[in-house]
Amino acid sequence: MHFDLRRIKAERVAAGITQAEMAQRLGMSRSSYWKREAGTVPIDVKEFASILTAIGINRDQISIFFRA
């Protein structure tokens, strides 16, 4: 099973949240967030949970971020 970073971006955009807004919600710079969304820096579990909360996705929908 693979983590789909493109899905994070797609869900963020669909929610109308910019990278700068997401970074602010997560307490980091836009460039730090961009590195995570681009896959340059790994997203840890705590950050992933915070991203889900910011986007408004509940934990029952977590499987949309993973693909076989």
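**Figure 1. Gln19 in helix α2 of the predicted model.** Gln19 is a residue of helix α2, and the structure shown here is a predicted model. The relative accessibility of Gln19 is 15%, so this residue counts as buried; the cut-off for buried is under 20%. Apart from residues up to four places away in sequence, Gln19 touches Arg12, Arg30, Tyr33, Trp34 and Glu37.

**Figure 2. Contacts of Tyr33.** Tyr33 is one of the residues with the most contacts inside the largest nonpolar core. With neighbours within four places in sequence left aside, Tyr33 is in contact with Ile8, Arg12, Gln19, Met22, Ala23, Leu26, Met28 and Ile51. Tyr33 also takes part in the contact between helices α1 and α3, on the α3 side.

**Figure 3. Helix α1 against helix α3.** Helix α1 spans residues 5-14 and helix α3 spans residues 30-38. Their axes come within 8 Å and cross at roughly 130°, which means that α1 is oblique to α3. From α1, the contact is made by Leu5, Ile8, Lys9 and Arg12; from α3, by Tyr33, Arg36, Glu37 and Ala38. Sorted by type, the residues of this contact are four nonpolar and four charged, with no polar residue.

**Figure 4. Helix α2 against helix α4.** The pair shown is helix α2, residues 19-26, and helix α4, residues 45-55. The two axes come within 10 Å and cross at roughly 120°, so α2 and α4 are oblique to each other. The crossing of α2 past α4 is right-handed. On the α2 side the contact is made by Met22, Arg25 and Leu26, and on the α4 side by Glu47, Ser50, Ile51, Ala54 and Ile55. Five of the residues in the contact of α2 with α4 are nonpolar, one is polar and two are charged.

**Figure 5. The largest nonpolar core.** This core has 14 residues. Those with the most contacts inside the core are Ile8, Met22, Tyr33, Phe48, Ile51 and Phe65. Helices α2 and α4 each supply at least two residues of the core. The largest share comes from α4, with five residues.

**Figure 6. Ile51 in helix α4.** Ile51 is found in helix α4 and is among the residues with the most contacts inside the largest nonpolar core. Its relative accessibility is 1%, so Ile51 counts as buried. Not counting residues up to four places away in sequence, Ile51 touches Ile8, Met22, Leu26, Tyr33 and Ile43. Ile51 and Leu26 are 25 residues apart along the chain, and their C-alpha atoms are separated by 7.4 Å. Both Ile51 and Leu26 belong to the contact between α2 and α4.

**Figure 7. Arg7 in helix α1.** Arg7 is found in helix α1. Leaving aside neighbours within four places in sequence, Arg7 is in contact with Ile64 and Phe65. Phe65 is also one of the residues with the most contacts inside the largest nonpolar core. Between Arg7 and Ala49, which are 42 residues apart in sequence, the C-alpha to C-alpha distance is 14 Å.

Conventions
Residues numbered from 1 in each chain as written. Predicted model: local features only at pLDDT ≥ 70, side-chain atom pairs only at ≥ 80, totals over all residues. Heavy atoms only, no water. Axes fitted to C-alpha atoms, helices over the stretch in contact; angles between N-to-C directions. Helix = DSSP H or I, 4+ residues; strand = E, 2+ residues; numbered from the N terminus. Parallel < 35°, antiparallel > 145°, perpendicular 65-115°, else oblique. Contact = heavy atoms within 4.5 Å. Nonpolar A, V, L, I, M, F, W, Y, C, P; charged D, E, K, R; others polar. Left-handed = near helix turned anticlockwise from the far one by under 90°. Core = buried A, V, L, I, M, F, W, Y, C linked by side-chain atoms within 4.5 Å. Buried < 20%, exposed > 50% of the residue type's maximum accessible area, 1.4 Å probe, protein only.
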